[in-house]
Amino acid sequence: MNSTATKTDTPPPPPSGSDAPAAISGKAVRPGDRIFLGLSRGSGIALLVIMAAIAAFLTYRSVLAISGDKANFFTTLDWNATGTDPKFGIAVLAFGTVVSSVIAMLIAVPVAVGIALFISHYAPRKLASPLGYVIDLLAAVPSIVYGLWGALFLVPHLSGLYSWLDDYLGWTGIFSYGDGAARSLFTVGILLAIMILPIVTSVSREVFLQAPKMHEEAALALGATRWEVIRMSVLPFGRSGVISASMLGLGRALGETMAVATVLSPSFLIGTSLLDPGGGTFAQNIASKFSEADEFGQDALIASGLVLFVITLLVNGAARLIIARRKEYSGAAA
């Protein structure tokens with residue numbers, strides 16, 4: 001009796017050899033698996049090769065330009081790369097790129113977070129879906145359309161704002177304003193804020209929608225108001241996602257070309273006031289000078305492009321590190 005029970009309770013041995021199912025092993029043994037593995041692996045390798053080729057090309061042409069520069073490439077406030085005695089530097093371009101992008105981030109991120117919270121936690125469903133769809137459509141508007149709107153509508157209507165800032169904040173020197181068109185870095189920052197607003201809003205909205213519902217319901221059960229639920233449950237969960245969305249928006253602001261070239265009145269001067277016309281950015285300078293530059297001038301522009309390339313890689317790398325530090329961004333812990 002005991003021997004019979006032992007034989008019955010003993011599980012059968014696992015299949016071996018050809019009888020074992022291929023799905024249990026996890027190995028790519030079918031032709032389709034091998035093809036998919038090869039394509040995915042080849043795509044990843046091809047991407048790395050392309051990025052390395054771009055970096056090598058930019059570095060090579062940049063070395064040629066910087067070796068022929070008669071001035072300091074990082075501190076010179078001039079761009080004359082086509083003369084017999086070429087002197088050019090990226091001081092004005094770096095200042096204009098960073099300042100306009102920071103202005104855009106200061107304006108766009110709070111507004112984008114507010115819109116994302118409204119769509120995800122305040123607006124009724126009949127309003128939230130169309131509003132989210134419209135926000136997503138704004139990201140598809142071409143840059144030149146934003147640039148034309150900024151040049152024909154935004155610039156003429158900013159004089160009043162500039163005068164108000166000069167009246168109340170002109171004593172700081174940062175917002176002092178005289179006469180002239182509002183074609184300054186501050187205007188560029190406002191335009192870039194409008195352009196990156198859809199990106200930051202869309203990503204932040206998706207992050208807020210992934211917040212654990214149990215945490216929100218628990219806070220409501222304890223008597224918390226809707227704002228307290230957002231402050232204690234939603235915002236801490238989506239903090240890294242909002243930062244990552246801001247990094248993506250910053251990446252676009254740093255590399256924006258046509259809109260900036262249409263609105264900005266370029267000059268190689270660093271003014272103390274953000275409202276003074278003039279300034280420049282990396283992308284705007286490349287777009288405006290590349291067609292008229294000779295071979296050495298193109299190398300100089302490529303050298304400035306390499307600096308922008310490095311800055312963009314650092315921004316994207318920082319975004320990836322933030323996402324990696326907070327696994328909750330993916331909703332896995334919800």
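1. A residue counts as buried under 20% relative accessible area, as exposed over 50%, and as partly exposed in between. By this scale Phe-153, at 41% relative accessibility, is partly exposed. The model discussed here is predicted.

2. The protein chain as a whole. The secondary structure consists of 13 helices and two strands. The chain has 334 residues, of which 39% count as buried. Among contacts between residues at least 6 apart in sequence, 73% join residues at least 24 apart.

3. Helix α8. This helix covers residues 185-209. Its 25 residues, at 1.5 Å a residue, should span 36 Å, and the end C-alpha atoms lie 35 Å apart, which agrees.

4. Aromatic pairs. A pair of aromatic rings is described by the distance of the centres and the angle of the planes. Ring centres must lie within 6.5 Å for a pair to count. The count for this model comes to 10 aromatic pairs.

5. Phe-88 and Phe-296. How are these two rings arranged? Their centres are 6.0 Å apart and their planes stand at 65°; planes over 60 degrees apart count as edge-to-face, so this pair is edge-to-face. The pair links distant parts of the chain, with Phe-88 in strand β2 (residues 87-88) and Phe-296 in helix α13 (residues 295-325), 208 residues apart. Phe-88 has 0% relative accessibility and therefore counts as buried, whereas Phe-296, at 23%, counts as partly exposed.

6. Trp-149 and Phe-153. The ring centres of this pair are 5.6 Å apart and the planes are at 25°; planes under 30 degrees apart count as stacked, so the pair is stacked. Both residues lie in helix α6 (residues 143-154), four residues apart, which is about one turn of the helix. Trp-149 is partly exposed, with a relative accessible area of 35%, and Phe-153 is likewise partly exposed, at 41%.

7. The aromatic cluster. Which residues do ring pairs link into a cluster? The members are Phe-73, Phe-74, Trp-79, Phe-88, Phe-268 and Phe-296. The edge-to-face pair of Phe-88 and Phe-296 thus has both of its residues in this cluster.

Note on methods
Residues are numbered from 1 along each chain as its sequence is written. This is a predicted model: local features need pLDDT of at least 70, side-chain atom pairs count only at pLDDT 80 or more; totals for chains, interfaces and linings use all residues. Side-chain values use heavy atoms; hydrogens and water are left out. Buried means under 20% relative accessible area, exposed over 50%, partly exposed in between (1.4 Å probe, protein chains only). The expected span of a helix is 1.5 Å times one less than its number of residues. Contact means heavy atoms within 4.5 Å.
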